[in-house]
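This report describes one protein model, going from the whole chain to a few local details. Please look at the structure before reading on.

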Amino acid sequence: MQRREFAVHSLSFLATNARRSRRTLGLGVGGLSVLCASCGAPSAPAGPPPALPAASASVAAAPVPVATADLPVENFEQPGGQSGGIWLEFDKNGLGTRVASAPFKAEPGGAPKSPGAAAHLSGALGANRAPWSWVQLQLHLDKTQSPQDLRGYKSVSFFVKGDGGRYGIAFVKAAVKDYDQFRYEFTASSTWTEVRVPLAELKQAGWGKPVPAVFDDVQRIYFYPAEYDKPFDFSVDDVVLSPSEVKIEPVAYATAGWFAWTGIDPEKRRGTALDVSRLLDAPAGKHGPLGRRAENFVFRDGHVAKFWGVNIVGSANFPSHAEAEKTAELLAELGVNITRHHHIDAAWSTPNVFGNRSTTTSLDPVSMERFDYFVNQLEKRGIYQFFDMLVNRKPTREDGVADADKLTPGLKIEGEFDPQLIELQEKFIEQFMGHENPYAKLSYAKNPAVALLEVINEDSLFWLRKDGEFSLKTAAYRATLNRLFCEWLKKQVPGGRAALEKRWAAPSGEGLLPGEDPDAGSVDVHIYFEKEGYANLGKPRTEDTLRFFYDTELAYYRRIQAKLKTLGYTGLTTGSNHWTEHPLDLMASAELDFVDRHSYWSHPEGGWGYKPGISWNPSSMLKDTYLGVVGSLARRRVKGLPYSTSEWQTSAPNDYREEGVLLVSAYAALQGFSPIEFAWSHDGNKRADAPSVLNNNFDLVDQPGMLGLWPAASLLFHRGDVRASELEAFVKVDRAASLKADASLPAPPALGLVARTGVDFRAGEQRPGLEKIVAEHTHAGVVSSSTGELRHDPSAGRFEIDTPRTQGFAGFRSGANATLANATLEVESAFGVVLVSALDERPISASKHWLVSAVGNAVNTGMTLMPSGNRLVNPGSSPVLVEPIVAKVTLSKLTGPLDVVKAYALGASGERLAEVPVVHTGDSLRLELSGAHKTLHYEIVR
């Protein structure tokens, strides 16, 4: 069995997925138990369905209703529905969503229990971004549409069929106010199949406010398509609640033939085929301070800089001297030339930059000495630094901060406007950036190897919420923001209350309210997304509120930037890197030196790490029309400014996570931006040469497949194997169009696979013209880059890279070989990445030294999942098992003699394990990759 054909000895199952990234309206997912339609499922009870008990006002005081029989909810035999009725709702936000039939109509031909009719929905779900795409087939449980108490029921069943895509069922609780409903996803196969779901497996995604999983107030049930930017076609029938329990058995990976991961020794790796440290230009800082020219990072002496790096997180920033040397050496061997130092201020990190004391107003000398030595070791090897000024700092009462215990770590929202909190940040900057590294004999501010810096991590006033991480925590901070708003209004609208009332007058929506007066400081600044994203505000008031947020955010960035300049900082500064796509937030950061954004694929939900119960998106980015993080990152760059993406990741334990290293390096080279992967390590005790178990969703240090692709990816990125696109296609975004609460970026997501793209706040093109560019580079569903070197087929889940020095394939086995200029790849594994890289400066055709990288999945021993494949049951134990890739690689049109060619299977540290047979015929040579070799890499020499 191949890697994703889990070893199952029970009923058949369907895989599920929740294609939602970390920061969007994510969907909870779970396991799935399936019975085929012909397996003799019990029929529904005859007669009208029993009445449901109404929801009680007090669950604690009310007994749990007793259910003794199945309750048919809906069989679609009656036009209006047998219970509370049927509705179809969908968004009309211009994101590409459409349905073939609206309002909803039942269609003839149902499931075996009720063959007369069924619900059939088809159409397309639009983009997965604000203001959000959605389609819902809603089933109300009662004709009054009042909440119902379902605590007597243990499971829900229904029949589905469809196009093989991912769909979901959701229970809408009255207690959930932010749309983070209890959901469960499944796949709709081509024939009627019964799905039985334990209600205990309905989960919130976790991006909203947690609500107890007590189904005492269910307003309705709905079904929905779950794959974005994609057509959907599915049918539902015979929805039944049952008091019966449904048991789901976990399944294990079929790991026969996989091999144990032993880790990487950087000393042994030095000088081998896996050491690409020669790509680095050591020492860092030799070309002078970093500046910018148009969209390029450029050093003072004129050298253009391209950064390809990783994040060092938390305690990993403070290693011992011996570990600092080993880590710096390995990072250089992998081709890393920038490290972003992240969460050095985090209260959860031991140690942190403050020494984990009860105050955050002074640096800890022990932590700083370790940090200084580590940074110096990195710089000696040509690795530049990217510093965060504020990530997870948690001020204390000893710092003199009122309500310190109520602030979100990292001072989210309040840290951008409160005078005291900004002063605390400035004092930290004076201490940290003014600190002299004794090994470099320079302060960090004046060290040219400190190239990039951000003011605050992942924060935006354009992501204000009523509750949670991005909300105002106390009335005092809300009062401060209101005071600042009134001061701003008095400057913008001279003439007092009468003038403001006139300015805010509008045909509809809320203007200046009675009792509000800027002179009295009593005008309320409305919170973004409160009242459904300003739906109740008049247009003039909305625009002024957004202008105030923009001016406040930009003033904060510029104040911190000015403080840095007083210390002699010579590098470049950006504001923040939040995931919001509101143009004004991007516009504010674009007033500084460069732009930085983040994006994740398959970010975990319901917790962190390899913990039972966490869920994730189990699908491959290659099945996504705009390649997930690739399209997301490309569309948010700004014309005229350099662009870094300081956090991107295809997160574990997604089975396809290794694809990200290749895709991001290739398309970043096409786009001309600098990506930094999240993360190398969160833990100072982790060692690449002594791996234990996989336990982090993001760390590269112990992920064999992702590490395995870094040498080849570094080669193609640093050498420019993928040519930068000469075709520019930036979308026009002007300020007037951005003064809306629901404004977003209009660039076609797939444009990032074709040309250099992003937003242009001064000129640019309109969307129709840009969509034409995508169409011109799409043939038979395959999207090609403007250079012709990159090709993506989302329907097959395949990607090809074809350049003179790097050629390869990533994706699913589909029966078709990857036929490239000099390489034919016959991949027999169900999914894998195979790359051929010239290790010298010659093209593959004339090279004398090649590296073949063949990368698959990696799991802990004994790791088990729900049958859905996207929820962890048992994280497993050591050792980590690595899937070998089975493939045939043929190199052709080669020049020069081939009779002296030899090939070797390499160990993780680059050592030659054994010679591998290689057959040469004419101008071709052929190498067979086998599980028997227990390797991720093959070296070919002549």
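**Overall build**

The model is a predicted one. The protein holds 14 helices and 49 strands. Its C-alpha trace spans about 80 × 75 × 55 Å along the principal axes.

Of the 942 residues, 62% count as buried. Contacts can also be sorted by how far apart the partners sit in the sequence. Among contacts with a separation of 6 or more, 75% are between residues 24 or more positions apart.

The protein exposes about 32800 Å², and 53% of this area is supplied by carbon and sulfur atoms.

Strands of a sheet pair through backbone hydrogen bonds, and the pairing is either parallel or antiparallel.

Strand β15 covers residues 259–260 and strand β43 covers residues 877–882; two bridges join them. In this pair, Ala 260 has Leu 881 of β43 as its bridge partner. Strand β40, residues 858–861, pairs with β43 over four bridges, again in the antiparallel sense. Here the bridge partner of Ala 858 is Val 882 in β43.

Most residues other than glycine have a negative phi, and most peptide bonds are trans.

Strand β43 contains Pro 879, and the peptide bond that joins Ser 878 to Pro 879 is cis, with omega about 0 degrees. Another cis bond runs from Ala 282 to Pro 283, with omega near -5 degrees. Where is Pro 283 placed? Pro 283 is in the loop between α1 (266–269) and β16 (290–293).

**Positive phi angles**

Tyr 179 and His 343 each have a positive phi without being glycine. The table lists their angles and relative accessible areas.

| Residue | Phi | Relative accessible area |
|---|---|---|
| Tyr 179 | about 75 degrees | 45% |
| His 343 | near 60 degrees | 13% |

Tyr 179 is found in the loop between β9 (166–173) and β10 (182–187). His 343 also lies in a loop, between β20 (338–342) and α3 (365–380).

Is His 343 buried or exposed? Buried means under 20% relative accessible area, and His 343 has 13%, so His 343 is buried. Tyr 179 has a relative accessible area of 45%, and therefore counts as partly exposed.

Definitions and conventions: Residues numbered from 1 in each chain as written. Predicted model: local features only at pLDDT ≥ 70, side-chain atom pairs only at ≥ 80, totals over all residues. Heavy atoms only, no water. Pairing = 2+ DSSP bridges. Buried < 20%, exposed > 50% of the residue type's maximum accessible area, 1.4 Å probe, protein only. Contact = heavy atoms within 4.5 Å. Areas by Shrake-Rupley, 256 points an atom, 1.4 Å probe, with all protein chains shown as cover.
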